[in-house]
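Subject: Structure for you to look at

Hello,

Here is the structure I said I would pass on. Please open it alongside this email, and read my notes with it in view.

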Amino acid sequence: MQGSVQVTQKLQQRQELRQEQQQHHFESSFHLSSKSSVSQQSFAAYKTSSRRLQTTVKTEKGQEVVKLSPLPKRAKRTYLAMDTDKEVIGYVIPIFRANHESIRGLIESHEEDVTEEGINYVAMRNLFVREAREAREVKVEKKTRTTHIREVAGRVEMGKTMEEWSEFRKKMNPDSLTHLPEFIVKPRGQTVWEGKTVKLHCTVAGWPKPRIAWYKNNVLIDAKANPEKYTVESSYNMHSLEIKNCDFLDTAQYYVSALNVKGEASSLATIVVKRFQEGAEAGPLDPKPHGFCAEHGVTFKTTIIDHFEVAFGREGETMSLGCTVIVYPTVKKYQPEVVWYRDSVPLKPSKWVHTHWSGERATITLVHLNKEDEGMYTVRVNTKSGFDTYSAYVFVRDADVEVEGLPVAPLDVRCHDANKDYVVVTWKQPAVEGSSSILGYYIDRCEVGTHHWAQCNDAPVKYARFPVTGLVEGRSYVFRVRALNKAGVSSSSRVSEAVVAMDHSDRARLRAGPSAPWTGIIKFTEEDTTVGVVPGEPSDVVVTEATKSYVVLAWKPPMQRGHEGVMYFIEKCVSGSDAWQRVNTGMPVKSPRFALFDLAEGKSYSFRVRSCNSAGVSEPSESTGDITVGDKLDLPSAPGNPVATRNTNTSVVVFWAASKDVKHLAGYYIEYSAVGTDEWIPCNNKPVRKTRFVCHGLTTGTNIVFRVKAVNAAGYSLSSANSEAVVVQAAIAISGSPTAVTLVRL
């Protein structure tokens, strides 16, 4: 009984506490008027519907059990607080009410939850109170505009400093310093005696550190596989290749390649190994005795069979040469090196030359034959033991002319001394002039990538050398030449190799690329003394070429020229007067060379040069003195009398004496004619430099004579005297030594 009284007291206290909390809730929410009749009725209905009836029930064992009746069904209670006008003014917090028996167990089970909720409530209250106190303690500081600007400027300066520091750290990061390999010191070619040791050195810069590889005639050198022959060393960007006990086979072009993630750079050096002997030194294509190959433990022997003979072709045709190569003994996965030569010059694959090696047969295909393709063709088979060669001559006849009497096309068109303002084009005169002598030549140019050919000279030039002007700097051009005589103009020559209108220094700088990565540091000086200063006058003005058609001047740039570069004006003066006339009035030239045209033949001129920049024009240079317009290069003299000797049933060997006091000799043309006729037929369509030539393709039994003429850039010499007549037939063979000698009688 006493326990029930205590429980009742506790329930009353808890009910009073909840009433106080409810009242506090309404006061904090500004809902003091919510104690209206609506809320009281809602509370009364809730209170009435919460009562349950008690009934006593006896069990089978005779025990009495008190049970509560089920809850009556009632409408869902609303928790909205409304005023008399039925407007919502807040929420009603329900209060749980029950009798002592029903809540006794609930009180004991919820005591811990109530305690925890109280602790959480106190913690949240303290947090809100602390934040409110801190918010009240915030002080507002007034700043002047000057102070604000100063602080903003300080923050901007700090941001710039941090950004600069970040950029500096980024620049110092090795990943940002990566650049192409660059040869600081390139390997240099050397000439040594046989049996000596030679060493090639180079220094390479680059990041990441480049990987170095050495090549011999484009074949990788494996120093580890041949330690007795090669030694490769690398230390602190300095690299070397040592070749021990050099022999003649070590004569080659050696490449060194530097490779990293940014790209590749390479350099070339040529090593020539000479033999010390009293007799005549062997040529590079002469067969050598085969030696023992220590790498494979055998001595390779090479045999060339089914080889090509002397061949004849015509311009525009396609010709193939080939031979079968047998290398004994056969070593698995080993193939010899096959190299083709024309007139002792190695041939590289191009659109005109195609080479092929099948493992047994070596072939070369000459596409669209031209007179430049004529010459002595040699196939060289290199093995580890030595090499063997085979040679035969290829003749290329001129294509048929469209009109009888026209000259044939010139040949060997090349470009020299290319710069920003002009390119010097040279060529060789053809063997056949036609029905009359050649009067001159026309030069055509075409920009690479287009098909438009433009004629460079209005009047034909007699000299086989011409400076082409009017080029656009940085663009590539190809050239061709046509010959002119009284019958008309010949067909065009084969086009030259493409050339860029650019100075040598600019071209070298483009090939080299950037020399070093940018460090991010730029130094400025307060005053540059070279800015705004007129450049000095050029020096050493000389005439490098003088012909009837043009004169070429060359000079040295001035010492004082500033950083912006200089250009030049050229002036001329007729001898005997003081009137100087500017030649290039439209535009100053950029290169220290210039070609002058439209000069009167036979007159004498003086020339001088002025340099200029944005600050002004310099004083004139010293004049060249009187220069007479005319050909400085004389025609070659006639060769000596030729001598013809028998060779085979279809060939004759011709010897002659060289022309005397000839400058810039291009070669000799040999012609033959049947006795009793005046028709001269050329033996060769490409000039030869030697004084001996084997004329092939002759008719057996014909009685013929020969003559020779020399040619240089100025033109043809007079023909030599005719040789003595010779009949085309095989030479008398020299008998061999006697054999089977026996004693018949004492």
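Four strands make up an open sheet, in the order S5-S7-S11-S10, with antiparallel pairing. Strands here are DSSP runs of E with at least two residues, numbered from the N terminus, and two of them pair if DSSP finds at least two bridges between them. In general, strands of a sheet pair through backbone hydrogen bonds, either parallel or antiparallel. The edges are S5 (179-185) and S10 (230-235), each of which pairs on one side only. From one strand to the next the twist averages 25°, an angle taken between lines fitted to C-alpha atoms in their N-to-C directions, on a scale from 0 to 180 degrees. S5 pairs with S7 (residues 198-207) over four bridges, and Glu-182 faces Ala-205 of S7.

Please note that this is a predicted model: local features need pLDDT of at least 70 and side-chain atom pairs count only at pLDDT 80 or more, while totals for chains, interfaces and linings use all residues. Residues are numbered from 1 along each chain as its sequence is written, and side-chain values use heavy atoms, with hydrogens and water left out.

pLDDT is the predictor's confidence in each residue, from 0 to 100. Its mean over the protein chain is 79, and 73% of the residues reach 70 or more.

Next, the interior. A nonpolar core is a set of buried Ala, Val, Leu, Ile, Met, Phe, Trp, Tyr and Cys residues joined through side-chain atoms within 4.5 Å; buried means under 20% relative accessible area, exposed over 50%, and partly exposed in between (1.4 Å probe, protein chains only). The largest core has 34 residues, and among those touching the most other members are Trp-427 and Phe-466. S24 gives the largest share of this core, five residues. Beyond four places in sequence, the contacts of Phe-466 include Val-424, Ile-443 and Tyr-550. A second, separate core of 24 residues includes Trp-340 and Leu-369.

Is Gly-470 buried or exposed? Gly-470 counts as exposed because its relative accessibility is 54%. Gly-470 sits in the loop between S27 and S28, and beyond four places in sequence it contacts Asp-421 and Arg-445.

Regards

Key
Contact means heavy atoms within 4.5 Å.
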